[in-house]
Amino acid sequence: MVPVQADGLDLLAQFMKQARSGRAQFVQVVTSPSRAGQTPRAKTSSGSFEFHRPGKFRFDYRKPFVQTLVADGQTLWLHDVELNQVTARKQSLVLGSTPAALLTAAADLQALKADFQFAPEPERDGLQWVRATPQSPDGQIRSVLVGLRATAAGPELAVLDVQDSLGQRSVLTFSAFEINPVLPAGTFLFKAPAGVDVIRP
């Protein structure tokens with residue numbers, strides 16, 4: 001008997017079940033839609049990522065600009081060091097159909113099906129893939145491709161490939177992924193530095 005290869009949907013369900021927290025390095029490539037006669041412009045950034053379900057995550061962008069994005073379970077904070085500004089938004093209003101919600105908001109795949117439809121995609125690049133399409137057509141996200149790698153320790157997240165409603169594509173590639181690390185208590189606490197403008201749209 002040849003064991004049946006788990007498809008992307010199976011791996012995503014396992015990942016959602018097993019990974020209560022995680023830590024990884026990431027590289028993000030954002031490609032703007034090409035205008036007539038022009039090549040698409042791509043911007044690359046990198047940093048580290050941590051999450052703890054439900055509802056907490058942190059992106060620390062280090063290159064080319066320092067930015068911090070923290071969701072503490074109530075508020076989504078964006079600290080732009082160059083602009084010397086912090087934007088604070090109510091998390092429940094901005095996370096519904098975002099890629100971050102795929103990773104952090106729900107306890108399992110079933111709970112995510114309120115916001116997304118899921119369909120397995122063909123295996124490629126040694127990864128299993130799932131396409132997540134938001135249930136609401138009005139959001140900023142058109143679709144998210146999730147690439148997962150089967151490992152001895154369980155499935156790990158490898159790629160998030162996001163297409164937004166304006167035609168922009170954002171590909172996050174993760175490396176050195178740790179599943180269920182013990183994260184310091186202050187990881188998801190955010191305190192605006194002194195002298196920084198805090199905007200609450």
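Modeller: Let us start with two terms: helices (H or I, at least four residues) and strands (E, at least two) are DSSP runs, numbered from the N terminus, and two strands pair if DSSP finds at least two bridges between them. The model is predicted, so that local features need pLDDT of at least 70 and side-chain atom pairs count only at pLDDT 80 or more, while totals for chains, interfaces and linings use all residues. Residues are numbered from 1 along each chain as its sequence is written, and side-chain values use heavy atoms, with hydrogens and water left out.

Colleague: What makes E2 and E3 a hairpin, and how many residues lie between them?

Modeller: There are 7 bridges between E2 and strand E3 (residues 56–63), which run antiparallel, and pairing asks for at least two, so E2 and E3 count as paired. The two form a hairpin with 3 residues between them, and in the turn Gly-55 has a positive phi of about 85°.

Colleague: Which peptide bond is cis at Pro-54?

Modeller: The bond that joins Arg-53 and Pro-54 is cis, with omega about -5°, and Pro-54 is found in the loop between E2 and E3. The peptide bond from Lys-63 to Pro-64 is also cis, with omega near -10°, and Pro-64 is found in the loop between E3 and E4. Most residues other than glycine have a negative phi, and most peptide bonds are trans. Ala-176 has a positive phi, near 50°, and is found in strand E11.

Colleague: How do you know that E3 and strand E4 (residues 67–72) pair, and how many bridges join them?

Modeller: They are joined by 6 bridges and run antiparallel, which meets the requirement for pairing. Arg-58 stands opposite Val-70 in E4, and E3 and E4 form a hairpin with 3 residues between them.

Colleague: In what order do the strands of the open sheet lie?

Modeller: The 12 strands follow the order E7-E8-E9-E10-E11-E1-E2-E3-E4-E5-E6-E12, with mixed pairing. Strand E7 (116–124) and strand E12 (197–199) are called edge strands because each pairs on one side only. Elsewhere in the sheet, strand E1 (residues 21–31) is joined to strand E2 (residues 42–52) by 11 bridges, and these two run antiparallel; Gln-28 stands opposite Ser-45 in E2.

Colleague: Why is the protein called as compact as a globular protein of its length?

Modeller: The protein has 4 helices and 12 strands. Its radius of gyration is 17 Å, close to the 17 Å that the globule rule gives for 201 residues, so the protein is as compact as a globular protein of that length. The radius is taken over C-alpha atoms, and the rule is 2.2 Å times the number of residues to the power 0.38.
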